Amino acid sequence: MTSQIDVAAGPGSPAVAMDYARRMFERQRVPLPPMGFTVDWDDQPSRHKLYLDTPKVPLPVPFAGLPSIGVEAAAARAIAPAGEEMPALGVLASVLGCYGLIDRRTALNWNEDSTNKLRAAQPVWSRPTASGGGMYPAESYLVAGPSAPVRAGVYHYDTAHHSLDRLSAANRCSELAAATGVSAGLYLVATLSFWKNAFKYNSFSYHVVTQDVGALLASWRFVLAAGGLAVEPVLWFDEAPVSTALAVDGRTEAPFVVIPLGPTTPAGEGERLGAPNPPRVWEKSDRVRDFELVERIHAAALVGNAPRPDTTSPVGLAPLDQTDVIPLPAPEPSSTDLTTSLRTRRSSFGLFSVRPPLSASDLSSVLATTARIGRAGTDVAPAPRETPWTRLWVLPNAVEGLAERAYAYDPAEHQLTGAGSFDFGQVQRHYALTNYNISEVAAVLVITGRLEALVNAYGARGYRMLSIEVGQLAQTTYLAATARGLGIGAVLGIDNLAVDEFLGLEETDERSMLFILLGHERAGRAGYDHGLHHRSAEGDPR
C-alpha cells in the first residue's frame, strides 16, 4: 500500500475513507502526520464531560436488578429482531452504567500508567466497557418523550457521578424521528468527543474511537438483552438535527449511534424546535487541537438527509476453502453471569502465561459468542442477519490441538479452516508497544472485514459502520473471555500489513481491523476490592 496525499473530498467520498484507512494500516511503516507530535500529558482533557449549570437527576444503582443471565444467553437474545417494550428505569440505569465508574485499578501490570495509579491524585478507574488507551471518548444521551421512564426532555449521562444532566425539558423526539426515520418515545444516543482521544492518538484517533463506540453499543445490547429487549440501532441518519437536539456542534462532538426504544413506527418529517442555548461545559485542556485527517474522514462520513442505501444486496465475505477443516467442540455456557462479567472486565497487560495452554473448549465458546454478535441487526442490515461484515481468525501459540498456522473461523459450521503458515514469534516483532509479551499469549484473534466493499456500498460511512461492528465484536470477546476466567487484551499496535500476509489476504479486499490477545493469566496474583457497587452473598445490593 502507498500513501496518497491528495484525494477527492466531499460528503460520502469513498476515496477519502480508503486513503485514511490506508494510512492507518501502514502507520508502523509510514509515520502519520503531524510529524513531531508529542502528547502533552499536563494538558490532557478530563475523562468526564462535566456540565456546569445543569440539574442532576439521580439514577438507580447500575446492574443491581438485572436478571441473572450468562453472556452466551444474552448474546443469543441480542441478535433477535427488535422488540417494542420500553425499558424500565433500572434497566436504563444499567445500560448507561456500562460507561460509568465501577472500580479503582491498583494492581501493577506492564501498562504505562502502572507506576502512577497508586497516587491519590492520579487514580485509574475501571469501567464495564473497553476503550482504546482507556480514553473513553463516547458520551451517552437520552431524548425522552412522555412515555419514557424519565420526564420528557434531553439528558446527558454523567459518567463521574452515575447521574443524568437534564439539558432541556423540551420533547425533541419528533426531530430524532425525522433524522432516523423511526418514531419512538425514547432515544438512546452515543456521541464521540474526539479530543478526549485525539490528545493522545492525534490522526490515528478516528480509527480508535469508531471502534470504541462499537464497544459501547455491544454493552448496551447485552444489558438490554438481559432486560428482555432486543434493539435495532440506527447507523445511517441525519446528524445535524440530532446534534442540535443534544446541543453538540457535530464536529468536535458528534452523534454516531441512535437506538429507538419502546414501540416504534416509521416516521416522516418532524417539527424542528430550533437550536437550544448550549449549556456550559468544563474544558480541562487549555489548548484543544484539530487534526486534518480526522476532520476529513469525519466530514466525508456524514450523510445528511441522503436516503438510506438499499439493503437487498448485503456485503458478504468470500467463502472459505473447506479442504482443511478442524471441527470445534460444541460451545459450553459459562458459570459466570453477565453482571459479574461487566463488573470484572479488564485488560491483561503483561499478565499472560502460556501455561496451561488454551483449551479447545474455551476457544470454541469465545469464538461462537463473539461471532454471534456479528449477526445483530441495524437499520442497514436488519435481523435476522445472515451475512456479517466481519470474520474471526486465530493465530495459535498454545492452543490444544492446533498447529502453528493461521485459521479462519466458520461460525455456520462451527469449525476452523486452515489458511497460511507463519512463525508466531514474528508477531512480537510486529507489535509496536511494550505492554504485552506476545510469546506468553495463547492465541491472537484477528477481526477482519471487507472494508473496500462496504465503502463502495455506503461511501465513507461504510468505514465508520465497519469500525463500529469491529468494536462490538471486541467488547463481546472481552465479556465472553471474562466469563470463562480467561485473560484478554485488545490491541491495535500490531502491523496490519504483516498480519494480512500471515492470513493470505493481500490479494483480497478483506483487511485486518483489530487484534485480540487471549489466554490464561499468571496464577497467584493478589488484588484488592475497590468496587463502587457491591453485592451481598444473596446477590442484593448493599
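This briefing covers aromatic pairs and charge–ring contacts in the structure above. The model is predicted: local features need pLDDT of at least 70, side-chain atom pairs count only at pLDDT 80 or more, and totals for chains, interfaces and linings use all residues. Residues are numbered from 1 along each chain as its sequence is written, and side-chain values use heavy atoms, without hydrogens and water. The whole structure holds 17 aromatic pairs. Rings of Phe, Tyr and Trp (its six-membered ring) pair if their centres lie within 6.5 Å; planes under 30 degrees apart count as stacked, over 60 as edge-to-face and the rest as tilted.

**Tyr20 and Tyr463**
- The ring centres of Tyr20 and Tyr463 are 5.8 Å apart and the planes stand at 85 degrees, so this pair is edge-to-face.
- Tyr20 is in helix 1 (residues 14–25) and Tyr463 in helix 13 (residues 461–483), so the pair ties together parts 443 residues apart in sequence.
- Helices (H or I, at least four residues) and strands (E, at least two) are DSSP runs, numbered from the N terminus.
- Both Tyr20 and Tyr463 are buried.
- Buried means under 20% relative accessible area, exposed over 50%, partly exposed in between (1.4 Å probe, protein chains only).
- Tyr20 and Tyr463 share one aromatic cluster with Phe194, Tyr206 and Phe256.

**Trp41 and Phe199**
- Trp41 is partly exposed at 39% relative accessible area.
- Phe199 is buried, at 3% relative accessibility.

**Arg127 over two rings**
- A charge sits over a ring if NZ of Lys or CZ of Arg is within 6 Å of the ring centre and within 35 degrees of the ring normal.
- Arg127 lies over the face of Tyr99, 5.6 Å from the ring centre.
- The charged end of Arg127 also sits over the ring of Tyr136, 4.1 Å from its centre.
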